[in-house]
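Please look over the sequence and the model shown below before reading on. The report that follows goes through a selection of local features, one region after another.

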Amino acid sequence: MNIKQNILITGGRAPATLYLIRRLAEQGHRIFCAESQLCHLSARSRYLSGNYRVRSPRFDYSGFKTDLLEIVSDRRIDLIIPTCEEVFALARAKPLLTDFCQVFCEDLDTLTPLHDKWQFSSTCRDVPVQPIRTWLIRSQEDLVNAVAESSAAKWVLKPVYSRFATQVRILQRNSRIQFDPAHRNAVLQEFIEGIPLCSYSIVKHGRLTLHADYQPIFSAGKNGAAAAFRYVADDGIRTFTENFFSRTKLTGQFAFDFIRNSSGLHVLECNPRLTSGIQLFGTGGNIDQAFTGTANHVLQPSPGSTSALKTIFAHWRSVPGVDPVSRLDALLHWPDPIWDRNDQGPFWRQPQVMASLLRLARSKKISMTEATTYDIEWNGV
């Protein structure tokens with residue numbers, strides 16, 4: 001972006017969002033944040049020109065939309081970049097919002113088949129990756145029949161709409177297999193052993209403008225999101241993403257989870273939003289050009305780039321295939337995305353943010369991880 005813009009970023013609760021706020025502000029843009037959590041990580045960042053609390057997109061979509069329109073009008077917003085699961089509310093409101101500014105995501109009808117794990121598995125049948133046998137599960141009978149049809153010894157069962165592995169169940173043939181009717185629709189996948197890999201991309205009209213492949217070293221809790229990870233250049237992932245986006249002509253931010261083993265590359269699911277992969281891009285990288293498509297090449301991290309969210313070290317869980325030296329190196333030497341010598345407010349705010357999440361988790365009888373997205377989740381309705 002040669003012209004400096006007023007950019008509204010939603011989802012300031014996430015470390016990745018804070019990281020994006022800093023990088024775009026460093027490039028001279030005026031950054032505003034809209035967030036439904038009162039106490040969130042980015043609120044105290046000196047890189048923000050304004051922080052606004054909006055109503056919950058999950059529980060008050062109409063109010064959320066009205067709040068955004070007021071901010072867009074008052075601050076003369078040029079571009080909205082959604083970053084967390086409120087992207088689906090932005091996608092729903094996009095036809096109205098685009099009368100006033102650009103919205104960096106696709107519409108809801110386009111995003112839904114990517115977020116829905118069953119529909120996404122069907123989409124991937126025509127791209128160059130190894131297939132994972134997947135069944136749509138709507139009842140106990142469906143589950144029993146799928147297990148009987150499969151020759152695997154272990155499976156993954158998860159709702160078609162889920163995040164951070166909070167509702168993932170690992171089933172084994174010799175264990176009691178029970179479907180939870182509260183999930184309505186779920187997918188059953190044969191369990192794939194191997195090395196977990198992830199990708200994060202910014203795409204403009206089907207063209208990659210920014211891309212990073214990375215290997216998780218630690219996850220946030222059992223089977224959770226990557227907490228510590230390193231950049232890897234995986235040719236198979238790059239081929240998959242280029243093929244997928246050139247075929248679909250999408251615009252937005254997209255992330256994929258993979259497993260690589262001796263039989264090849266297996267794609268697990270898609271997250272059509274910002275992920276922590278953005279934290280692999282250092283200062284001065286012209287990330288803003290990825291959003292406009294004006295970069296003359298695909299932006300990639302520097303070799304050896306790493307990131308480690310150390311505040312939640314107590315919740316780190318080792319990922320298969322990682323040597324002990326890398327684990328120690330991640331803890332001692334890898335950069336923390338929240339710490340910034342020139343922007344210390346968010347770092348010191350973390351205890352207050354954690355206490356707020358703990359109160360919400362206790363009041364709603366949910367986990368801390370579930371509390372982080374409680375008011376922005378989109379489950380297809």
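## Loops, a sheet and its helices

Lys-365 is found in the loop between H10 and helix H11 (368-371), where helices (H or I, at least four residues) and strands (E, at least two) are DSSP runs, numbered from the N terminus. This is a predicted model, in which local features need pLDDT of at least 70 and side-chain atom pairs count only at pLDDT 80 or more, while totals for chains, interfaces and linings use all residues. Residues are numbered from 1 along each chain as its sequence is written, and side-chain values use heavy atoms, with hydrogens and water left out.

Lys-365 has a positive phi of about 55 degrees although it is not a glycine, and Arg-76, in the loop between H2 and S4, likewise has a positive phi, of about 50 degrees, without being a glycine. Most residues other than glycine have a negative phi.

| Residue | Relative accessible area | Class |
|---|---|---|
| Lys-365 | 76% | exposed |
| Arg-76 | 68% | exposed |
| Ala-153 | 55% | exposed |
| Gln-279 | 7% | buried |

Ala-153 is found in the loop between helix H6 (140-149) and strand S7 (154-159). Leaving aside its neighbours within four places in sequence, Ala-153 is in contact (heavy atoms within 4.5 Å) with Leu-171, Gln-172 and Arg-173. The C-alpha atoms of Ala-153 and Cys-101 are separated by 51 Å, the two residues being 52 residues apart along the chain.

Turning to the sheet, 5 strands form an open sheet in the order S3-S2-S1-S4-S5, and the pairing is parallel; two strands pair if DSSP finds at least two bridges between them. Its edge strands, each pairing on one side only, are S3 and strand S5 (102-103). Between S1 and S4, which run parallel, there are 4 bridges, and Leu-8 stands opposite Ile-80 in S4. H1 packs on the sheet, touching S1, S2, S3 and S4, and its direction makes about 175 degrees with that of S1. Helix H2 (residues 61-74) also packs on the sheet and touches S1, S2, S3 and S4, its direction making about 160 degrees with that of S1. For these angles, axes are lines fitted to C-alpha atoms, for helices over the stretch in contact, and the angles run from 0 to 180 degrees between N-to-C directions.

Helix H1 (residues 15-26) has 12 residues and reaches 17 Å from its first C-alpha to its last, close to the 16 Å expected at 1.5 Å a residue, a span defined as 1.5 Å times one less than the number of residues. Because 10 of its 12 residues are buried, H1 is largely enclosed by the rest of the structure. The buried residues of H1 pack against several elements, including helix H8 (288-292) and helix H10 (345-364). Just after H1, Gly-28 takes a positive phi of about 95 degrees.

Gln-279, in the loop between S14 and H8, has a polar side-chain atom 3.4 Å from the backbone nitrogen of Ala-16; a polar contact is a pair of N or O atoms within 3.5 Å, and within protein one must be able to donate a hydrogen and the other to accept it, while residues adjacent in sequence count only if both atoms are side-chain atoms. Beyond its neighbours within four places in sequence, Gln-279 is in contact with residues including Pro-15, Ala-16 and Tyr-19.

Definitions and conventions. Buried means under 20% relative accessible area, exposed over 50%, partly exposed in between (1.4 Å probe, protein chains only).
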